[in-house]
Amino acid sequence: MGLRGYGMNKRGGISRERHLAVRRKHRSLAGPEVEEIPLVPLDVFHEYHKKTCNSCKCARECHEVYHEEWVNVRDRLGFKPPVDPDKRISRDRSNSEGYSWVPPGLSSIQIEQFFRNLPPDQVPWLGSQGEKYRDKQLMTQLPKQDLALAYCKHVEPTHHSSYEDFINARNEIALDIAYAKQVSVPVICLKCGDSISVNEVAILAPKFGERVLWHPACFVCTSCSNLLVDLTYCVHDDMLYCERHYAEQLKPRCAACDELIFSGEYTKAM
């Protein structure tokens with residue numbers, strides 16, 4: 001059977017006919033009283049049909065399905081709480097400041113200074129587009145199937161030890177959470193090369209050393225250029241990555257299920 005028989009176009013992408021058929025199925029399952037779901041552009045559909053809705057294959061963010069409970073990124077990563085209480089974060093503290101997340105260890109004035117450096121639509125004010133942006137980045141940059149074997153459906157038992165070795169090595173040498181601090185002496189931002197003045201709030205990533213700092217808006221993934229969610233980062237070849245794109249520097253990722261591939265054989269789309 002050719003590609004067209006599987007609902008694929010000649011380039012290996014999902015055909016418009018298949019896209020419309022899936023959309024009709026989703027609408028029929030939802031019932032006639034449900035408002036029609038807008039058609040997702042094909043280029044977006046190709047990019048985000050992974051690990052998502054069982055009916056239409058759209059991403060969770062396409063349906064605006066977000067975390068109903070507050071997410072502590074340390075819990076998501078399986079990290080122990082920091083010994084230093086100033087580096088701990090809580091839902092109550094974040095919400096009391098009017099945000100879904102705030103960098104720990106800063107005063108209210110410093111928190112405002114930190115967020116003034118970010119694009120307004122990416123500031124996680126409660127009930128804002130920025131809060132949804134943070135939720136989306138938690139799902140995208142820290143996919144659960146990269147964090148624990150329990151969330152993987154397609155890693156063969158013979159590769160479980162390889163998966164665990166990969167996770168343990170990543171957690172030990174690459175994965176960490178940065179923190180924000182007020183600068184006491186002028187320094188140069190590692191990314192943009194501009195000065196960070198005294199009393200400005202900057203980002204320190206411990207795996208880069210104590211003297212390397214970034215502007216808050218410059219602390220982004222080398223691959224996707226998105227802000228590193230909740231200051232969670234990986235280091236590879238002396239560059240910053242989100243966990244997703246760090247993993248993809250070392251392992252291929254399945255375009256269908258979005259899991260990393262640990263077997264020696266896989267099909268690569270051309």
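Leu175 stands opposite Cys234 in β7, where strands are DSSP runs of E with at least two residues, numbered from the N terminus. The model is predicted: local features require pLDDT of at least 70 and side-chain atom pairs pLDDT 80 or more, whereas totals for chains, interfaces and linings use all residues. Residues are numbered from 1 along each chain as its sequence is written, and side-chain values use heavy atoms, with hydrogens and water left out.

Strand β7 spans residues 232–236 and is joined to β1 by three bridges, the two running antiparallel. Both belong to an open sheet of three strands in the order β1-β7-β8, with antiparallel pairing; two strands pair if DSSP finds at least two bridges between them. Because β1 (175–177) and β8 (239–241) are at the edges with a single partner strand each, one side of each has no neighbour in the sheet. On average, neighbouring strands of this sheet are turned by 40° against each other, direction ignored.

Helix α9, residues 243–250, lies across β7 and β8 and runs at about 25° to β7. Axes are lines fitted to C-alpha atoms, for helices over the stretch in contact (heavy atoms within 4.5 Å), and angles run from 0 to 180 degrees between N-to-C directions.

The secondary structure of the chain comprises nine helices (DSSP runs of H or I, at least four residues) and eight strands. Of its 270 residues, 42% count as buried, that is, under 20% relative accessible area with a 1.4 Å probe, protein chains only. Among contacts between residues at least 6 apart in sequence, 50% join residues at least 24 apart. The chain exposes about 15,500 Å², of which carbon and sulfur atoms supply 50%; accessible areas come from the Shrake-Rupley method with a 1.4 Å probe.

Methods. Buried < 20%, exposed > 50% of the residue type's maximum accessible area, 1.4 Å probe, protein only.
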